[in-house]
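The sequence and the structure are shown first, and the discussion follows.

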Amino acid sequence: MRAFVCPALTDDLSGPGLADVPTPEPAPGEVRVRVRAASVNFPDILMCQGRYQFRPDPPFIPGIDVAGEIEALGAGVAGWTIGAPVVGGARLGGFAEQACLPAAGLQLKPDNLSWAQTAAYPAAYLTAYVALVRRANLQAGETLLVHGASGGVGLAAVDLGKHLGARVIATGGDDAKLDKVRACGADHVINTAGGFREQVKALTQGRGADVIFDPVGGDVFDESTRCIAFDGRLLVIGFTSGRIATLPTNIALIKGFSLMGVRAGEFGRQFPGKGAENLTAVRALATSGAIQPRVHAELPLSETRGALQLLIDRKVVGKVIVRPDL
């Protein structure tokens with residue numbers, strides 16, 4: 001089969017490329033899927049650079065979210081049939097014509113979504129769900145501040161936050177992309193080029209945001225601690241800025257807020273029962289139309305490096321999808 005293989009870790013992604021590799025056989029508890037679509041996520045980039053918390057040894061095939069049809073069952077797999085349209089996730093393997101996925105994490109493809117939309121929602125919306133529902137317990141009427149709102153995870157948080165009844169303030173660094181975020185449901189948008197602290201305070205009558213969703217880190221995290229409400233919840237999602245911020249604990253003490261780390265996949269591994277509930281809840285939201293995964297672009301498997309580069313260059317609003325059948 002053809003696959004996008006990372007043979008060595010490089011900062012500039014010069015190593016990964018298309019290659020012919022053996023078709024994988026599903027291990028016990030796995031299924032092999034004919035990949036119809038796979039979404040690009042920031043962890044894919046970090047893994048190819050050797051900068052993610054999960055560090056596979058090269059060579060490996062990146063790709064977390066996969067939508068496609070089951071074509072083989074591993075030993076012990078029950079409840080699934082050949083040809084079933086499914087969506088699922090794995091730590092590796094998605095950027096290929098075939099991929100093996102854990103059967104326990106599979107969900108049926110929502111009928112109302114295209115293959116691209118189906119691949120677009122699992123990791124992004126699962127992260128948003130674990131962050132906003134499981135960790136922050138976001139309530140209707142609260143103010144949610146979402147940083148990096150034009151990215152796949154950020155836009156998922158905007159979408160889910162509105163569904164949960166929050167007032168959503170979205171930030172980013174590009175006015176054109178922020179206009180699209182507003183069209184996706186954000187109540188207010190702020191360009192962070194001139195800072196955001198005072199605008200957030202003005203929009204909340206000086207109180208600050210109840211919940212802050214931060215996949216950016218660095219200076220954005222630092223400024224977030226200055227515009228969070230008392231008893232607020234600051235969610236650490238990632239560090240796309242490249243700098244891991246530090247928090248002087250006196251600030252948390254004085255302002256009375258909680259700092260919460262979010263690892264959606266690890267949450268499911270630590271609490272399998274809740275993890276299964278999370279998957280079911282997110283699929284129900286997708287199936288009902290309560291959430292609207294946005295696809296920025298669909299590219300063929302041969303252009304996977306270009307798909308990753310779109311994320312690096314901050315040119316994406318929503319999700320970029322790799323399609324082996326294009």
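A residue counts as buried under 20% relative accessible area, as exposed over 50%, and as partly exposed in between. The model under discussion is predicted. With a relative accessibility of 53%, Asp231 therefore counts as exposed. This residue belongs to strand S12, which spans residues 228–236.

Arg314 can be described in the same terms. Its phi is near 55°, again positive in a residue other than glycine. Arg314 is found in the loop between H11 and S15, and its relative accessible area of 41% makes it partly exposed. A further backbone feature is the peptide bond from Pro58 to Pro59, which is cis, with omega near -5°. Pro59 lies in the loop between H1 and strand S4 (65–73).

The helix that Arg314 follows is H11. Which residues of helix H11 (residues 304–312) are buried? They are Thr304, Ala307, Leu308 and Leu311. These residues cover an arc of only 95° around the axis, and therefore they lie on the same side of H11. An α-helix has 3.6 residues a turn, so residues three or four places apart point the same way. The buried residues of H11 pack against strand S1 (2–5), helix H1 (42–49), strand S14 (295–300) and strand S15 (319–323).

| Helix pair | Axis distance | Crossing angle |
|---|---|---|
| H1 and H11 | within 10 Å | roughly 105° |
| H3 and H10 | 10 Å | about 110° |
| H3 and H4 | within 8 Å | roughly 55° |

For the pair of H1 and H11, the axes come within 10 Å and cross at roughly 105°. That angle makes H1 roughly perpendicular to H11. In this contact, Phe42, Asp44 and Ile45 of H1 meet Leu308, Leu311 and Ile312 of H11. By class, the contact of H1 with H11 comprises 5 nonpolar residues, no polar residues and 1 charged residue. Leu308 and Leu311 are among the buried residues of H11.

The other two pairs share helix H3, which covers residues 122–135. H3 packs with helix H10 (residues 272–288) at an angle of about 110°, and the two are therefore roughly perpendicular to each other. The crossing in which H3 passes H10 is right-handed. From H3, the residues Tyr125, Leu126, Tyr129, Val130 and Arg134 meet Lys274, Glu277, Asn278, Leu279, Ala281, Val282 and Leu285 of H10. The residues of the contact of H3 with H10 divide into 8 nonpolar, 1 polar and 3 charged.

On the H3 side, the contact is made by Ala124, Tyr125, Thr127, Ala128, Tyr129 and Leu132. On the H4 side, the contributors are Gly152, Val153, Ala156, Ala157, Asp159, Leu160 and Gly161. The class composition of the contact of H3 with H4 is 9 nonpolar, 3 polar and 1 charged. Tyr125 and Tyr129 of H3 take part in this contact and also meet residues of H10.

Terms used: Residues numbered from 1 in each chain as written. Predicted model: local features only at pLDDT ≥ 70, side-chain atom pairs only at ≥ 80, totals over all residues. Heavy atoms only, no water. Buried < 20%, exposed > 50% of the residue type's maximum accessible area, 1.4 Å probe, protein only. Helix = DSSP H or I, 4+ residues; strand = E, 2+ residues; numbered from the N terminus. Arc of directions from axis to C-beta. Contact = heavy atoms within 4.5 Å. Axes fitted to C-alpha atoms, helices over the stretch in contact; angles between N-to-C directions. Parallel < 35°, antiparallel > 145°, perpendicular 65-115°, else oblique. Left-handed = near helix turned anticlockwise from the far one by under 90°. Nonpolar A, V, L, I, M, F, W, Y, C, P; charged D, E, K, R; others polar.
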